[in-house]
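Trainee: I am new to this structure. Please show me how to read it, one feature at a time.

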Amino acid sequence: MNAFEVFGLQADTNIDLSALAARYRDLQSAVHPDRFANATDAEQRIAMARAVEINDAYNTLKDPVRRAMHLLSLKGIDALAASDTSMPVDFLMEQVEWREALADARLKEDSERLEEMATEIDSILRSLGDTFAAAYRGEHLPVATTLARKMRFMQKLDDEIDSALADLEQ
């Protein structure tokens, strides 16, 4: 599935998210189950399959990391291929430091530090996304692939920080 085609968009790193959301609502409205209440079972199954396809495409395009991975897949590149585990050593060392800082903040129940980390990670993700866009548009696909993988690592770290903050709020 080409998520861009589902929405009638050109494959690009930048997307107008509000326009995407509006198009999503329009597409979902067209396949809403209420519209197919009197349809045949086959027509209902087709509408349901289309709704799932629209949801998957929307979730892919609205997320910068998933969108980057999808763009690479359209070029025949699996950025998460199990056979490609190489990452720059300095980046891996930074990951270790981030994870140690996360573990320390979690242990100390330091929500202020976790918030600071979340802000830093968001900034890094934006920077990586901008650099990915430049590499992708310049057809520097090996560089774009490494950047997308870095984005994925940082997104997972961001998710863990969010989880730690949520745990502290309970």
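The dialogue below goes from the overall fold to single residues.

Mentor: First, the ground rules. This is a predicted model, where local features need pLDDT of at least 70, side-chain atom pairs count only at pLDDT 80 or more, and totals for chains, interfaces and linings use all residues. Residues are numbered from 1 along each chain as its sequence is written, and side-chain values use heavy atoms, with hydrogens and water left out.

Trainee: How many helices and strands does the secondary structure of the chain come to?

Mentor: Helices (H or I, at least four residues) and strands (E, at least two) are DSSP runs, numbered from the N terminus. Here there are seven helices and zero strands. Along the sequence the pattern reads α-α-α-α-α-α-α.

Trainee: What radius of gyration does the chain have?

Mentor: That radius is taken over C-alpha atoms, and the globule rule is 2.2 Å times the number of residues to the power 0.38. For a compact globule of 170 residues the value would be near 15 Å, but this chain has 19 Å. Its C-alpha trace spans about 60 × 45 × 30 Å along the principal axes.

Trainee: What share of the residues in the chain is buried?

Mentor: Buried means under 20% relative accessible area, exposed over 50%, partly exposed in between (1.4 Å probe, protein chains only). Buried residues are 35% of the 170 in the chain.

Trainee: Which residues have the most contacts inside the largest nonpolar core?

Mentor: In soluble globular proteins, nonpolar side chains tend to be buried together. A nonpolar core is a set of buried Ala, Val, Leu, Ile, Met, Phe, Trp, Tyr and Cys residues joined through side-chain atoms within 4.5 Å. The largest one here has 45 residues, and Phe7, Leu72, Leu114, Phe132, Met154 and Ile161 have the most contacts inside it. Helix 7 gives the largest share of this core, ten residues.

Trainee: Which residues does Ile161 touch, leaving out those up to four places away in sequence?

Mentor: Contact means heavy atoms within 4.5 Å. With that exclusion, Ile161 touches Leu102, Leu114, Met117, Ala118 and Ile121.

Trainee: Why does His70 count as buried?

Mentor: His70 counts as buried because its relative accessibility is 10%. His70 lies in helix 4. Not counting residues up to four places away in sequence, His70 touches Met1, Asn2, Ala3, Phe4 and Thr60.

Trainee: Where is Ala148 found?

Mentor: Ala148 is in helix 7. Ala148 is buried, with a relative accessible area of 0%. The C-alpha atoms of Ala148 and Pro64 are separated by 9.4 Å, though these residues are 84 residues apart along the chain.
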